[in-house]
Amino acid sequence: MIEAPAKKSPRSSEVIRPKRHWIRFQPTQGTFAALGLATATTLLSVGVCYSEGRLGFIILRDLLQVGLVGIVTPFLLFRSEDWIRAGLRVDHAGRFLAIGFGLSLLLATQFLAESSWTLPTFRAELVLPAIYVMVTNIFEIYFFAIFLRACLVEAFGILPGIVLASLAFSLHHAGFQPEYVKMFWVGMLFISIAQMANHWLVLF
């Protein structure tokens, strides 16, 4: 789906990213497929508002939005070299995990400051919800920060690509966290970091 094949550096095995444009307009069929998937995540999220019971939530959110639209379909659309060029790679893992850990400390500091430096208390009933949130965060990184960002940046340039991917990230919260402005800026933050680092582990 990404226009140019990856190239190898003559001095290393690292993938060289193609020249990036701040603004451009070169959409392809893959671009429209990615936009269609982003729209589907929003529509499924809106459907959650009208679903009844836990079963409806599981079908719409977990199976269709996260599983089918968010993970399986992008996996089928992207080639292995597309994923590498989009940042789903394992080279220099320690370096990017360390950067991600530093960013996490900054966010934790902000969280504690907002809560008057009160440490959260451990409660056993929150373990499973915390695991669920971690899994859905992986989906958000995989779909919005890697797949969708790469498609939209390739088609429209860095600035429009990040903004559009962040907008899609915000709208996909419609059915369970409709704080659109807040979620847009959260998306802008982590999608911009993904664009600068071009490595998925920096978001952990």
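Close-up 1. Arg-89 is buried, with a relative accessible area of 17%. Here buried means under 20% relative accessible area, exposed means over 50%, and partly exposed lies in between (1.4 Å probe, protein chains only). Asp-91 counts as partly exposed, at 25% relative accessibility. The side chains of Arg-89 and Asp-91 meet in a salt bridge, 2.6 Å from N to O. A salt bridge is a side-chain nitrogen of Lys or Arg within 4 Å of a carboxyl oxygen of Asp or Glu. This is a predicted model: local features need pLDDT of at least 70, side-chain atom pairs count only at pLDDT 80 or more, and totals for chains, interfaces and linings use all residues. Residues are numbered from 1 along each chain as its sequence is written, and side-chain values use heavy atoms, with hydrogens and water left out.

Close-up 2. In the Arg-79 to Glu-81 bridge, the closest N and O atoms are 3.7 Å apart. Arg-79 is partly exposed, at 38% relative accessibility. Glu-81 is partly exposed too, with a relative accessible area of 30%.

**Close-up 3. Glu-154 and Arg-24.** A salt bridge links their side chains (3.9 Å, N to O). Glu-154 lies in helix H5 (residues 127-156) and Arg-24 in the loop between strand E2 (15-16) and helix H1 (29-50), so the pair ties together parts 130 residues apart in sequence. Helices (H or I, at least four residues) and strands (E, at least two) are DSSP runs, numbered from the N terminus. Both Glu-154 and Arg-24 are buried. Searching the whole structure finds 4 salt bridges.
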